[in-house]
There are 2 protein chains.
Amino acid sequence: MKARCVVVDSSQSPYSRLKPVPIESVKLKDDFWAPRVKTLVEVTLPTQYELLEETGRLDNFRRAAGKVRTDFKGFFFNDSDVYKWVEAASYVLAFNRDSRIEKMVNSVIEEISDAQDDDGYLNTYFVFERKAERWTNLRDMHELYCAGHLIQAAIAHHRATGERMFLDVAVKFARHITGVFGPGKMLGVPGHPEIEMALVELYRVTHVEAFLNLARFFIDNRGYGLVGGSVELIDHRPFRELEEIVGHAVRSMYLNCGAADVYMETGDETLLRALKRLWLNMTRCKMYVTGGLGSRYVGEAFGENYELPNRRAYAETCAAVANVMWNWRMLLATGDAEYADVMELSLYNGALAGIGLDGKSYFYINPLADRGRHRRQRWFECACCPPNIARLIASVPGYFYSTSKEGVWVHLYASNDALIELNGRHVRLVQETNYPWSGHVEVTVYPEGLSEFSVFLRIPGWSRDAVVALNGKPVNGKPEPAHYLELRRRWEKGDVISVDMGMGVDVLKSHPHVLENRCRVALKRGPLVYCVEQTDNPGHDVWDLMLSPDSSFRVEYKPDLLGGVVLIHCDGSAVDTSVWTGRLYLRVEDSVMNLKPTRFTAIPYYAWANREPGPMTVWIPMLDTGLRNR
Amino acid sequence: MKARCVVVDSSQSPYSRLKPVPIESVKLKDDFWAPRVKTLVEVTLPTQYELLEETGRLDNFRRAAGKVRTDFKGFFFNDSDVYKWVEAASYVLAFNRDSRIEKMVNSVIEEISDAQDDDGYLNTYFVFERKAERWTNLRDMHELYCAGHLIQAAIAHHRATGERMFLDVAVKFARHITGVFGPGKMLGVPGHPEIEMALVELYRVTHVEAFLNLARFFIDNRGYGLVGGSVELIDHRPFRELEEIVGHAVRSMYLNCGAADVYMETGDETLLRALKRLWLNMTRCKMYVTGGLGSRYVGEAFGENYELPNRRAYAETCAAVANVMWNWRMLLATGDAEYADVMELSLYNGALAGIGLDGKSYFYINPLADRGRHRRQRWFECACCPPNIARLIASVPGYFYSTSKEGVWVHLYASNDALIELNGRHVRLVQETNYPWSGHVEVTVYPEGLSEFSVFLRIPGWSRDAVVALNGKPVNGKPEPAHYLELRRRWEKGDVISVDMGMGVDVLKSHPHVLENRCRVALKRGPLVYCVEQTDNPGHDVWDLMLSPDSSFRVEYKPDLLGGVVLIHCDGSAVDTSVWTGRLYLRVEDSVMNLKPTRFTAIPYYAWANREPGPMTVWIPMLDTGLRNR
């Protein structure tokens, strides 16, 4: 069977506006993502595999299968890390049948399937003496969460390789679960959402309606106190009545993914309305400028509106990954470019910061300001983030394009060569660009046997003066930020669409109720949020740097720095804080500080903490607060 | 036996510069503290007593004594709440033999003593089936913490009433503890410090050196991993090597109190040096402008230097109370006015905010900015704070004065009539003032039989231009802020010292690395920190108010508002945030806001959240950041 590997297969979903394009259809040829995928294959996946072994995560499966006698190791949800790794590796196999990866995957899958019970149940924690505890603590014990990741991994493997063995394991477990839960059976919901989207995806693969129904059951029954009724677990109120995005950020995102998937299959508008309400609250009141989510260490949770501390940002890597996942689903469901904006933002900033340039060091927590103590680690006891960022990067090619009956949609920009199925035929699109360093993109169209169709070009929300031309001539229609520009015509082989998105330095402010950002600005260029890091700015503590409204910026591409980045050189100033030595509070008249003109340099946020430790900040103080007396 | 009730009896301590004056020697006659003590007696202590009963805390003692058959109720450290209540009530009995309070105290003491084991052990959690677990988990189970509070309560009761029964219970338990712990016996330290200062105080009462030695043992052995080695428990490094104030704020303060007490008895300079180092780090880098301590919800802990979020301040009431306790000990040890400054600051702001004006509602957490969701509660499951603020208020008269061989020290200001023992004779001091609303104080001296001695007047750190006169004539010597002004002479009956501390509105800034306070100021007048609360300022969201360097202030005493307060009326402005509706991030050029001149009103921080809920902030944005180009 030929592989057709997509992350969310809404191609048959009746309420999905857009249809995905398989990962393997898009060959990355760029200097940004292609090297990252290469590092993923060569470093990230092998080192994570070793860590799965080293930390006993694979032994847990061997133990459950009776192959080794040992204690269960680590957290009760550790199976999920193995599954996410398999999912990541499978996406790679879809476009790169790397034999080393394939061998690892096959051996892991064998361990997993050997650990399955005859009745389909599969969780290495609840075996032997803990068998009686299965499904007895849905709130805390993450059984359904692990099951969801197993299902997602199995689907990815099946779609990437065409093989069925691992998928059969998942289906068998899913059938076991549908036998346990549902109307007239056990009434319960998972403490940690995840299985909802997995079950919908399994329905998409198998067409077994029981899987879709159970996903819906879990969403419908949430909010009635079945897992304790807490806000943290988003169990305090029925999903359709949620007004504010609250609780554990990753759980919230995964739940929203599941609800969006159920919507795409059922057309249940009450779900879509709730999702849009939550999305608005999140993006207008609770999302970091990086797309990071989660303001509180306590409960890894969203805070109140405008509660977005920088130094104590939680902004878990998994939450940014899940923000991509949710927005991808919203984009598929609606075709609205605002979801693509948030998806791109989270991808390039909040999520990407979660992995070091070495491909083997990770952040779990992603502060937006730091004094140099927060450093990437090779692994975590709770290691949800490393395989999550791995599966995101492995699947990046799958987020570039979609199709609808009208034509092809271009969401992301990077040099690539894509062969896209459209209405039973094919279109080849070749992108050439230095995005995200340059906003100039050329898309060459090869309509292989097709004639009239549309190309929908995403004009990012940050791009105010985009110019689109076809074969050198400006097109009709004004490119609107945060919209898709539809180009419809009879395409000829070699037609060249060019998009020019001016990449000036955007100086952003945040809502005045975000306390920490008062009188501060963030620099953004194209999709990338910048920060100032100490190592680039030895003259002054970077927390003492300032900008002013007439500061000028100069950009410079440095191919040898941080894997190749555009730097922003700023013409700003530094405050002399010596009056504050040994002081915490001073009368305003005693605290006047001298300002010295200074140049300093900002780097993309995703690239911080890859060199020597030191202070960093995304939000930079700015003289003159942008107020006008009237 | 005549009562002589002091909180820290350093009168015999060889290394204590100052000697305390008993609580009952100082009769409050003022409009600030006297009404609060009255409310304490009439409302706080009776309602807390009822809650001790209602929540099963007293039943736990009856259960341990075999009087009732029931399960243990609540947290394993709940005994400590009962002890702290007895301590608070005992301080009241020192100056007011209120029969209702006395009856309650006697009944509680009887329940406590009935619950004591024959071997002296006393903890209502570790009885019956849990008896075997005694002293097996010093890190988590708070046995030594509860023991410490028992000892402190018993000492307070003994000193207030002259009775010995309850003290004997404490001594018996303390002897049991010295039998368990110490060199050649069990090596351990408490997870939650507290017993250290209790044991020193018990040594001061009983002169049993074993108690002092064990206190020292607990301090000497801390930091070697005996309770897990965590930073949170301040067990990561030996006390004398601590460089930075870290960990659980209350535990840190209690530990420091114990170390200061040990210093006062032993003269161990290595302890004093560590204490001074920690104090400098705390007051220069980690203390809220209110004297509140603890920046993090996680671990109720200090953060990194300058990590002082306002909205998510933890600033536990207990930590502010303990800040008073520690600074009182440092003041006794050294006579340095800087400790009195922090003591006064914490007392009037961070601690006092912990109790509502009704005397029966409490804050556990004390944010410095809020949107109206944070409200006082009548009790907490973990109810450490209510009886802690109660014992502080009950003992307030004891912090007004000290003596040394040179004379009398005046630390706090409020109308009162004090009879102070000095070198075996007496001095009567009568203060008349409207402090903290006015900085004018008159102290009339009645040297009953004494002749030459000094009066040391505290000139607060916030008072820059204090003028001191004697019988209307300026005195020699310039009053220095944060110092004591020594007036030495042969005093005549009726000599009047007047102190004029100008009470302008101080506009404070904080160190630029305190991220949330950038471009913000706090208003302070005398010892009181102010805040703006929504209910006083209906025209604009108080988070949108601003000040400018030329803002003027007008103060107004309102006798009927919030128990009588001086308001600060500010001539500032309000920003029109409508450009931000539905926006979280905007380009700076799109975010210019209009400013409208507006008057608004600030109230003392301690008085917030006593009326209808709404936004509040201590730190108010200020136009012009106090920077000077050079």
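Me: Why is Pro481(B) called partly exposed?
Reply: This is a predicted model, and its accessibility values are computed from it. Pro481(B) has 25% relative accessibility, so it counts as partly exposed.

Me: Where is Pro481(B) found?
Reply: Pro481(B) sits in the loop between β11 (473–474) and β12 (483–490) of chain B.

Me: What does Pro481(B) touch, beyond residues up to four places away in sequence?
Reply: Contact needs heavy atoms within 4.5 Å. Pro481(B) touches Ile459(B), Pro460(B), Gly461(B), Ser463(B) and Arg464(B). As for Glu338(B), its C-alpha is 9.2 Å from that of Pro481(B), while 143 residues separate the two in sequence.

Me: Which residues is Thr266(B) in contact with, leaving aside neighbours within four places in sequence?
Reply: They are Tyr15(B), Leu212(B) and Arg216(B). Leu212(B) is 54 residues away along the chain, with 9.2 Å between the C-alpha atoms.

Me: What makes helix α13 (residues 385–395) of chain A largely enclosed?
Reply: A residue is buried when its relative accessible area is under 20%. Eleven of the eleven residues of α13(A) are buried, so the rest of the structure largely encloses this helix. Among them are Cys385(A), Asn388(A), Arg391(A) and Ser395(A).

Me: Which helices do the buried residues of α13(A) pack against?
Reply: They pack against α1 (33–54), α3 (79–95), α5 (143–161), α9 (249–266), α11 (317–334) and α12 of chain A. Helix α12 (residues 337–351) of chain A also lies across β9 and β12 of chain A, at about 50° to β9(A).

Me: What makes β1 (19–20) and β12 (483–490) of chain A edge strands?
Reply: Five strands of chain A form an open sheet with mixed pairing, in the order β1-β4-β5-β9-β12. β1 and β12 of chain A each pair on one side only.

Me: How do you know that β5 (residues 407–410) and β9 (residues 452–459) of chain A pair?
Reply: At least two bridges are needed. These strands of chain A have four, in the parallel sense. Val410(A) has Leu457(A) in β9(A) as its bridge partner.

Me: Why are β2 (26–28) and β11 (473–474) of chain A placed at the edges?
Reply: Seven strands of chain A form an open antiparallel sheet in the order β2-β6-β7-β8-β13-β10-β11. β2 and β11 of chain A each have a single partner strand, so one side of each lacks a neighbour in the sheet.

Me: How do you know that β2(A) and β6 (residues 416–422) of chain A pair?
Reply: The cut-off is at least two bridges. β2(A) and β6(A) share three, in the antiparallel sense. Lys27(A) stands opposite Asp417(A) in β6(A).

Me: How many cavities of 30 Å³ or more does the structure hold?
Reply: The structure holds eleven. The largest cavity has a volume of about 240 Å³. Of its 22 lining residues, Pro309(A), Arg312(A), Ser295(B), Pro309(B) and Arg312(B) are the closest to its centre.

Me: What kinds of residue make up the lining of the largest cavity?
Reply: The lining divides into eleven nonpolar, three polar and eight charged residues.

Technical notes: Residues numbered from 1 in each chain as written. Chains lettered and ligands numbered in written order. Predicted model: local features only at pLDDT ≥ 70, side-chain atom pairs only at ≥ 80, totals over all residues. Heavy atoms only, no water. Helix = DSSP H or I, 4+ residues; strand = E, 2+ residues; numbered from the N terminus. Axes fitted to C-alpha atoms, helices over the stretch in contact; angles between N-to-C directions. 1 Å grid on protein atoms, 1.4 Å probe; cavity = no way out; pocket = protein on both sides within 12 Å on 5 of 7 lines; lining within 4 Å. Points joined across faces, edges and corners; volume = space filled by probe spheres on them. Nonpolar A, V, L, I, M, F, W, Y, C, P; charged D, E, K, R; others polar. Buried < 20%, exposed > 50% of the residue type's maximum accessible area, 1.4 Å probe, protein only.
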